[in-house]
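Please have the sequence and the structure in view while I talk.

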Amino acid sequence: MAKMITDGFCFTHGDKQFKIRLTSPIVAINGDSGIGKSFLFDAIQQKVFARKLKNIICIDYTNYELVLEPALKSKGNLIIIDNADAILTEGDWAERNWGAEFEADVNNQYLLFARYGGRYHVKMEDDSTLQYSEGTFRNVYPWRELKEKGVIR
């Protein structure tokens, strides 16, 4: 099973606050275009480049061909993949069982920005979406919230 590196992080970017909670070693932030996934990714990446967030590897269209394979061999990192649905189905990579690879990685944790995280072995309770309110972006876990309210079992 992938390793739990962190239970989340908070930071400020411009006039926006970000509060990201991670509930398991493989978490997805899902949703349609325009909800802020790539905006959040860019903000995280800028903090990583400025060395304000540590032990995070950011992977997107600009670097995935060079960074993904070495990242999978790293240890003690939160690996964040923007547009996971597109990147992980590119060319020869489409044949790989990414969910099994992420699950088998005992050294790293994964945060996937995707349309649907289930194909990467993200459990329903670890599927989150972004919510924006009063200057703060946070990821929320709808399935967990419904379960806690007793709406589902």
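This is a predicted model: local features need pLDDT of at least 70, side-chain atom pairs count only at pLDDT 80 or more; totals for chains, interfaces and linings use all residues.

**The largest pocket**

The largest pocket is lined by 14 residues, and those nearest its centre are Ser 33, Lys 37, Ser 38, Asn 83 and Arg 115. Two or more lining residues come from each of helix H1 (37-49), helix H3 (84-87) and strand E6 (109-114), where helices (H or I, at least four residues) and strands (E, at least two) are DSSP runs numbered from the N terminus. Residues are numbered from 1 along each chain as its sequence is written, and side-chain values use heavy atoms, with hydrogens and water left out.

The space in this largest pocket comes to about 160 Å³. By pocket I mean an open set of points, on a 1 Å grid over the protein atoms alone, with protein on both sides within 12 Å along at least five of seven lines, whereas a cavity is a set of points where a 1.4 Å probe fits but cannot get out; lining residues have an atom within 4 Å of a point. Grid points are joined across faces, edges and corners, and a volume is the space filled by probe spheres set on the points. The pocket lining divides into four nonpolar, five polar and five charged residues, with Ala, Val, Leu, Ile, Met, Phe, Trp, Tyr, Cys and Pro counted as nonpolar, Asp, Glu, Lys and Arg as charged, and the others, Gly among them, as polar.

Asp 32 belongs to the loop between E3 and H1, and, leaving out residues up to four places away in sequence, Asp 32 touches Lys 37 and Arg 115, contact being heavy atoms within 4.5 Å. Is Asp 32 buried or exposed? Asp 32 is exposed, at a relative accessible area of 55%, where buried means under 20%, exposed over 50%, and partly exposed in between, with a 1.4 Å probe and protein chains only.

Eight strands make an open sheet in the order E1-E2-E8-E7-E3-E6-E5-E4, with mixed pairing; two strands pair if DSSP finds at least two bridges between them.

E1 and E2 run antiparallel and are joined by six bridges, with Phe 18 in E2 as the bridge partner of Phe 11. These two strands form a hairpin with two residues between them, and Gly 14 in the turn has a positive phi of about 65 degrees. Strand E3 (residues 26-30) and strand E7 (residues 127-133), by contrast, run parallel and are joined by three bridges, and Ile 29 has Ser 128 as its bridge partner in E7.

Helix H2 (residues 64-72) lies across E4, E5 and E6, running at about 145 degrees to E4; axes here are lines fitted to C-alpha atoms, for helices over the stretch in contact, and angles run from 0 to 180 degrees between N-to-C directions. Leu 72 is found in H2 and is buried, with a relative accessible area of 16%. Setting aside neighbours within four places in sequence, Leu 72 has contacts that include Ile 79, Trp 98, Phe 102 and Tyr 110.

**Two residues in one loop**

Arg 51 lies in the loop between H1 and E4, and its phi is near 60 degrees, a positive value in a residue other than glycine. Arg 51 is exposed, with a relative accessible area of 66%. Asn 55, in the loop between H1 and E4 as well, has a positive phi of about 60 degrees although it is not a glycine, and Asn 55 is partly exposed, with a relative accessible area of 46%.
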